[in-house]
Amino acid sequence: MIPQSFIQDLLARVDIVEVIERYLPLKKGGANYFACCPFHGEKSASFSVSPTKQFYHCFGCGVHGSAISFLMEYNGLGFIDAVKELAGTVGMEVPEDDFTPNHDRALEQSLTEIMAQAARYYKEQLKRSPVAIDYLKHRGLTGEIAARYGLGYAPEGWQALQAAFADYSAASLLECGLVLENEQGRRYDRFRDRIMFPIQDQRGNVIGFGGRVLGKGEPKYLNSPETPIFEKGRELYGLVQARQSVRDQECVLVVEGYMDVVGLAQFGVGNAVATLGTAATPHHIQKLLRLTDRVVFCFDGDAAGRRAAGRALEVSLEHLADNKALSFLFLPEEHDPDSFVRAEGPDAFRAAMNRAMPLAEFLLAELKKDIDLGTAEGCAKLVHEAKPLVTRIGAPLLRLQVIKMLAEAAGFTQAEVEQAFGLKGASAAPRRFDDSPPFEGGSFDRDRGFGDGGPFRGKRRQGMGFPRMLPRRAPQTAVETLLKLIVQHPIWAARLPIDLLPDDTPEGCALIALTDAMSVGDLPTHGIGALLEHYRDTPHAEILARMAGQLADNAFEDASIEPLFNDTLKKLEADAVSREIDTLTAREREYGLDPTERRQLAELLMHKQKLRTQAKASDS
């Protein structure tokens, strides 16, 4: 783990406005800065960046966070990589810890420099090879696309890389997979007479290569081996180039080959990435779902393509979320993505993407394949074989929907399938419409009502027959008000009476945690972004993020904070007194009270009356 003290020092040193301005054109508006949100399509600038809170928030889609969160979401980085990148901008070195037990930073840097040097050499060789240029032209690629993806050419010679590196015998060339060594110790280039596709990490560093043979030969594609800087199961080809297009289209297309990626880009389909000669892995799924809400896997329509799709489906199940969508596009057997877009055109390809089979439908289709549902045995077999897959679905609502579909297909009730799967509790009855909150349109968020999230995110739907009613919120409790106050001004946690804070709600538990942290001097007080990072991956992260989002919509005026804080404490005390009175009153009805308990009840009733009188005086 990276020490929390380092995270807080880093966030105190960076300015979130400067960080985000490297990626977005920000315009000042009052105390904050604004831009069009990069995480959903919109025409008005609803993405707000607060320099005082060191916090960003989009009023359209609700995304918010710190400078670290922004780099994670915008660049699709993991937490550690985002911290490293942010630290590098201010000259801070991330302390060595157990999060990188097998990494030598100096080695990593030297290997990426060697790979960059090789990429420049291969790129230069492409310009000097008419045969390689003709091959790319024959495949319909322009020089612009070749330059965008950094394509190159590895010459035929056994030791051509001697021209690129002064010390061809250096151990680092062997370690990063550019050369091989035979039993006699003789070295030779791994890649010879191949079109070279540089593989980049999310920061744009070249970490590996894929090489395609020009004519007939085996293997058709040759990849770099696993190295200290390259792990096939974690990387995706073309992700750096596709990132902006993925954001614009709110969808990423996953294909199987390098040529598919560049071929689609040549025809304007720029949101494609490819796995590196491996099946999709959980790391791929997590990376893709951090980048966008919709993932479309594209496979050939033959048996091999269906098997590859089945593997992608299986590794996706635990990582699904109810606000994410995975689907599967199967092309005609005679086509791959590159040939299909050339034959049918980009519009036909995009139309096919829009018709891609949703994950739930594909899962049921695969399960029902070769099962006779006309027999009792077949129906039982379907449910039996579905159990290990369906119970792994990480999205609760999607899992419920799949169970309903499965029950209908097999002729069972939903409750019977749930019982067979060992799921606890009977299915809840569907909620009546009049129990549901009213909405404006879009997807429902428990705090913000129906807004612009979900499938209509960033697109206000008109003329769709949705009721145009404002969200209805439950009155805010004293604990919720206090938590919002502390999130806005953490220093006020020092004045909280911890004995009055309830520990039976998420808000109360978060307040207790904040108060404890303040008591030992461990509570960040330099902005909402720092506070959220301090509690990342803790039980309090979700409720604190929710409060931060509400504050972005409606922060407290500084002049009103002290009276509101004092009034809320009085209400919290009154609530505690009322709970004690209710407990004693119930006991009196059930068992009667002894003299001490009767005196205690009388004192509580007098205290409650006193608090009411004070509250009325304060209101007047």
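Visitor: Which residues of helix H9 (residues 239-249) are buried?
Guide: In H9, the buried ones are Leu239, Gln241, Ala242, Arg243, Ser245, Val246 and Arg247. Here "buried" stands for under 20% relative accessible area, "exposed" for over 50%, and "partly exposed" for anything in between, with a 1.4 Å probe and protein chains only. Helices (H or I, at least four residues) and strands (E, at least two) are DSSP runs, numbered from the N terminus.

Visitor: Before we go on, what sort of model is this?
Guide: A predicted model, where local features need pLDDT of at least 70 and side-chain atom pairs count only at pLDDT 80 or more, while totals for chains, interfaces and linings use all residues. Residues are numbered from 1 along each chain as its sequence is written, and side-chain values use heavy atoms, with hydrogens and water left out.

Visitor: Back to H9, then. What do its buried residues pack against?
Guide: They pack against helix H3 (67-75), H7, E9, strand E12 (252-255), strand E13 (272-274) and helix H11 (282-291). Contact means heavy atoms within 4.5 Å. Just after H9, Glu250 takes a positive phi of about 55°.

Visitor: Which sheet holds E9, and in what order do the strands come?
Guide: E9 belongs to an open sheet of 4 strands, ordered E6-E9-E10-E11, with antiparallel pairing. E6 and strand E11 (221-223) are at the edges with a single partner strand each, so one side of each has no neighbour in the sheet. From one strand to the next, the twist averages 35°. Two strands count as paired if DSSP finds at least two bridges between them.

Visitor: How many bridges join E9 to strand E10?
Guide: There are 7 bridges between E9 and E10 (residues 206-213), which run antiparallel. One facing couple is Pro198 and Phe209, the latter in E10. The hairpin of E9 and E10 has 5 residues between the strands, and there Gly204 has a positive phi near 95°.

Visitor: And how many join E6 to E9?
Guide: Strand E6 (residues 152-154) is joined to E9 by 3 bridges, again antiparallel. Gly152 stands opposite Met196 of E9. As for E10 and E11, they pair over 3 bridges in the antiparallel sense, and Gly211 has Leu222 in E11 as its bridge partner.

Visitor: Which helix packs on that sheet?
Guide: Helix H10 (residues 258-266) does, touching E9, E10 and E11. The direction of H10 makes about 85° with that of E9. Axes are lines fitted to C-alpha atoms, for helices over the stretch in contact, and angles run from 0 to 180 degrees between N-to-C directions.

Visitor: New topic! At what angle do helices H15 and H17 pack?
Guide: H15 (residues 359-368) and H17 (residues 396-410) pack at about 35°, and their axes are 11 Å apart. Leu359, Ala360, Leu363, Leu364 and Lys368 of H15 meet Leu398, Val402, Met405, Leu406 and Ala409 of H17. That contact has 9 nonpolar residues, no polar ones and 1 charged. In this count Ala, Val, Leu, Ile, Met, Phe, Trp, Tyr, Cys and Pro are nonpolar, Asp, Glu, Lys and Arg are charged, and the others, Gly among them, are polar.

Visitor: What about the largest nonpolar core: which residues touch the most other members?
Guide: Out of 63 residues, those are Tyr122, Leu178, Phe209, Tyr237 and Phe349. Helix H5 (residues 105-127) gives the largest share of this core, 8 residues. A nonpolar core is a set of buried Ala, Val, Leu, Ile, Met, Phe, Trp, Tyr and Cys residues joined through side-chain atoms within 4.5 Å. There is also a second, separate core of 46 residues, with Ala312, Ala360, Cys379 and Ala407 among them.

Visitor: What is Phe349 in contact with?
Guide: Leaving aside neighbours within four places in sequence, Phe349 has contacts that include Leu253, Leu264, Cys298 and Phe340.

Visitor: Last one: how many helices and strands are there in the chain?
Guide: The chain has 24 helices and 18 strands. Of its 620 residues, 47% count as buried.
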